[in-house]
Amino acid sequence: MQQAVWTNRSKALRRGTSPPMRRLALLALSLVACSRSSAPAPAPAPAPAPAPATATATATATATATATTTTTTTTTTTTTATATACRSLAARTTEAQLLYGPSVHLATLEDTFLFIDPDHTPLFPEVLRFAPRVLSALRHDRIAPRPLCPVSVYLFSSRDRFEAHCADRHYLPESSRNLGIYDRSRGEIVTDLSGGPSHVPTLAHELAHVLMDADFDAPLWFRECVASLYESPVLGDGAGGEIHGTDDWRYVQLRAAVAARDPAARLGALFGTSDDDFRGRTDAGDIDGARSSLHRAMARATCQWLDGQSRLWPLYRGWRDDVVTDPDGVATFTRVTGRAPATPETEQAWRAWVLRTR
């Protein structure tokens, strides 16, 4: 499958500003092209600025978004945010209003996340109830709570508006239909809610990327392994709470490949794979969509398989702490599971899990 390229549909983005004014107002903003979390990890950045006093929101959104805050503090600074990504909430508010007009719905969460609702979607309050639960669960004995730079979270109930925003940012999708994108260089999440409530959980995938970027500069396959696990999450009740992933659409292709004994569909093939290989990039520089989709399904299955054995987060923490001496994660996987990922016994157990009866 050829890499999809979104054409520029910026007319849909000009709500509230004329093209010349918009170009002048946004001239200083970086337009770094980046598909989901694909940019390289840059140098540390300053701590995030406080939430702007000018941010506006509906009464429901404000009450919901400010009800939950993180109470854990740490002196460790984020390892992947840039000065561009660390623009203040006030600057992000100004940008959102320039793009979508002064009446755009805005709400802040944890003095870090600016939720932006250009379409005035009725799902906005639901998103603002869902996000704090996801963040709390992901930090509960999972991803270490680190200081974060501010993040803009754009929510679109119109697929056309979602695609137009992404085209204006020069985002290139790595599959035929992305429901969400996280640009780690800009500090921006873009989510497609055109499918209704069933699309809301994809936000958990992108929020996991944000937290993980501040904690562990892992290879792309493992970042997608962790984040994609929670695109169809099951959340527990109570403080902190549990979060687990369930089977989803990604496994249709994977099960067929494993059943056919495709040599590419192996657990051991993930460890040590480069970011470009994981994306399915060909020698010609294109993206092989089928190959990319298979790799993402393999990664997600690996995290779900390990999570079911209570081994995912010991692997995550151990690899994070020893990444300098164990860059491909093989030594940590072997220590946590008792077997190397490419051994016949491990491959057989992974294949049996993928093909298990449901």
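Start by selecting Arg184 and Asp213: their side chains make a polar contact of 3.0 Å. A polar contact here is a pair of N or O atoms within 3.5 Å; within protein, one must be able to donate a hydrogen and the other to accept it, and residues adjacent in sequence count only if both atoms are side-chain atoms. Before you go on, note that this is a predicted model, where local features need pLDDT of at least 70, side-chain atom pairs count only at pLDDT 80 or more, and totals for chains, interfaces and linings use all residues. Residues are numbered from 1 along each chain as its sequence is written, and side-chain values use heavy atoms, with hydrogens and water left out.

**Stop 1: around Arg184**

Arg184 sits in the loop between β4 (180-183) and β5 (188-192). Helices (H or I, at least four residues) and strands (E, at least two) are DSSP runs, numbered from the N terminus. Is Arg184 buried or exposed? With a relative accessible area of 3%, Arg184 is buried. The classes are buried for under 20% relative accessible area, exposed for over 50%, and partly exposed in between (1.4 Å probe, protein chains only).

**Stop 2: salt bridges**

A salt bridge is a side-chain nitrogen of Lys or Arg within 4 Å of a carboxyl oxygen of Asp or Glu. By this rule the model has 24 salt bridges. Here are some to visit.

Select Arg139 and Glu110. They form a salt bridge whose closest N and O atoms are 2.9 Å apart. Arg139 belongs to helix α4 (residues 124-139) and Glu110 to the loop between β1 (105-109) and β2 (113-117), so the pair ties together parts that are 29 residues apart in sequence. Both Arg139 and Glu110 are buried, and the relative accessible area of Glu110 is 15%.

Next, select Arg356 and Asp247, whose side chains meet in a salt bridge of 2.9 Å, N to O. This pair links distant parts of the chain: Arg356 is in the segment after α13 (344-354) and Asp247 in the loop between β7 (243-245) and α8 (251-259), 109 residues apart. Arg356 is partly exposed at 26% relative accessibility, and Asp247 is partly exposed too, at 28%.

Now go to helix α9 (residues 275-279), where you will find both Arg279 and Asp276, three residues apart, about one turn of the helix. The two form a salt bridge, with the closest N and O atoms 3.4 Å apart. Arg279 counts as buried at 7% relative accessibility, while Asp276 is partly exposed at 37%.

To finish this stop, select Arg87, Glu95, Arg169 and Glu188 together: a network of salt bridges links them.

**Stop 3**

Show helix α7 (residues 220-229) and helix α10 (residues 289-308). At what angle do they pack? Their angle is about 65°, and their axes are 8 Å apart. Axes are lines fitted to C-alpha atoms, for helices over the stretch in contact, and angles run from 0 to 180 degrees between N-to-C directions.

On α7, the contact residues include Trp221, Phe222 and Leu229; on α10, they include Arg296, Ala299 and Asp307.

**Stop 4: Ser198**

Select Ser198, in the loop between β5 and α6 (202-213). Ser198 is exposed, with a relative accessible area of 60%. A polar atom of the Ser198 side chain lies 3.3 Å from the backbone oxygen of Gly195.

**Stop 5: positive phi values**

Phi of Asp141 is near 60°, a positive value in a residue other than glycine. Asp141 is in the loop between α4 and β3 (151-156), and with a relative accessible area of 58% Asp141 is exposed. For Ser310, phi is likewise positive and near 60° in a residue other than glycine. Look for Ser310 in the loop between α10 and α11 (312-321), where Ser310 is exposed at 60% relative accessible area.

Methods
Contact = heavy atoms within 4.5 Å.
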